[in-house]
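I opened this structure to look up its pockets. My notes follow the display.

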Amino acid sequence: MQNFDVNKIRQDFPILSKMVNGKTLVYFDNAATTQKPLPVIEKLIHYYTNLNSNVHRGVHYLSEAVSKEYEDTRKLIQNFIYARSPNEIIFTRGTTESINLVASSYGRTNIKEGDEVLITHMEHHSNIVPWQLLCEEKGAKLKVVPITDDGELMLSEYDKLINEKTKFVSVVHISNSLGTVNPIKKIIEKAHRYNIPVLVDAAQSIQHSNINVQELDCDFLAFSGHKIYGPTGIGILYGKKELLEKMPPYQGGGDMILSVTFEKTLFNTIPYKFEAGTPHIAGVLGLSEAIKYIQEIGIENIASYESEVLKYATEAISEIKEVKIIGTAKEKSSILSFVIDGIHPHDIGTFLDRDGVAIRTGHHCTEPIMRRFNVPATSRASFAFYNLKEEVDVFVKSLRNVIKLFS
Ligand code: PLP
């Protein structure tokens, strides 16, 4: 790995040297949200100190300066995910809003009674509920691709489920509770043979892998800023221009219009048609710094270091006979979910917290997966490129102590 110095990187994340319960914080809850490097934090301060004003509305210095940074960020994201045009990049509140936008705008226009929407058994609630609401409203059917005991998609079942009634496929790239990396290119290719558009939920993949929307040929892609080292409350929807142009607005308000009379409103062009109201300007500027920061480190370096940490952690907890890993797919990324017979995940999380180790316990907004594996919840450690193997050692030692305590 060229120029990858994890100890130097850690100095950019002030929170990592925080003491929690008398111990140095070990932050293994990165799938829930990532920590922020100094350039992101400093940008937020800079914005509110020097630039604060509204975008696209003023002719004064501040508004013009911030509007330029706002639109430059759109271009940065266009280049980051290899979109054809900045107009294909829509600022939203996060993955959840991006998916709701598509379900509501594209879905309501194109899905009718008797149609089918295809998702998978490993979706986050954000990629289940919007489609469920749509299907209920329209009298359409939600179909679900099953998964194996290892947590891999059953592609042969996908092949059987997809048919002329299928009008949309929405699929997660990397599962937030199993860590499975799905073969989305194959899934997209197959759907396109039937002319079915595909949305990729990239909430857990954008920070770990190189995403090229043109190469994938996905029709929509959604991700959240806070999972890629940026601020909360900002996210992205990528959509192919020809689809976005035909879709009706998602919300009405300022900025999304060309002209308004009481009789009729003419809508703005994309992407503004989908950006009603004052946006999260600070969030956009912070996200820009986050993306520049990870580009500087290199997403390939990040992916390769994180896979080393995952391998190290997987091997270490596999040696504990009481631990059962949930999600053992061949292709995994940065997420280690597990259960221990006789100890509730919440107890594991609470005891680990005493040692300063932050993991997540619960259903991770994927209740159908918990039911599939017949567990009420799991404990989940999720890694980022600033984590250390030494931190994995602290986590494993603490886990062994919890097991001792409960036995
Ligand atoms: N999809 C996946 C796979 C996720 O992991 C998450 C968040 O954990 C979401 C969607 C929702 O993201 P947000 O809450 O940022 O909108």
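How do the residues of the lining of the largest pocket divide into nonpolar, polar and charged? I find six nonpolar, 14 polar and six charged, where Ala, Val, Leu, Ile, Met, Phe, Trp, Tyr, Cys and Pro count as nonpolar, Asp, Glu, Lys and Arg as charged, and the others, Gly among them, as polar.

I note that this is a predicted model, with local features needing pLDDT of at least 70 and side-chain atom pairs pLDDT 80 or more, while totals for chains, interfaces and linings use all residues. Numbering runs from 1 along each chain as its sequence is written, and side-chain values use heavy atoms, leaving out hydrogens and water.

Entry on the largest pocket. I looked up its volume, about 430 Å³. A pocket here is an open set of points on a 1 Å grid over the protein atoms alone, where a 1.4 Å probe fits, with protein on both sides within 12 Å along at least five of seven lines; lining residues have an atom within 4 Å of a point. Volume is the space filled by probe spheres set on the points, which are joined across faces, edges and corners. Of the 26 lining residues, Ala32, His124, Asn176, Lys227 and Cys365 are the closest to the centre of the largest pocket. Domain 1 (6–30 + 298–406) and domain 2 (41–295) each give at least three residues to this lining.

Entry on the second largest pocket. I read about 280 Å³ for its space. Twelve residues line the second largest pocket, and Asn3, Lys8, Ile9, Glu296 and Ile297 are the closest to its centre. Its lining divides into four nonpolar, three polar and five charged residues.

Technical notes. Domains from an automatic or database assignment.
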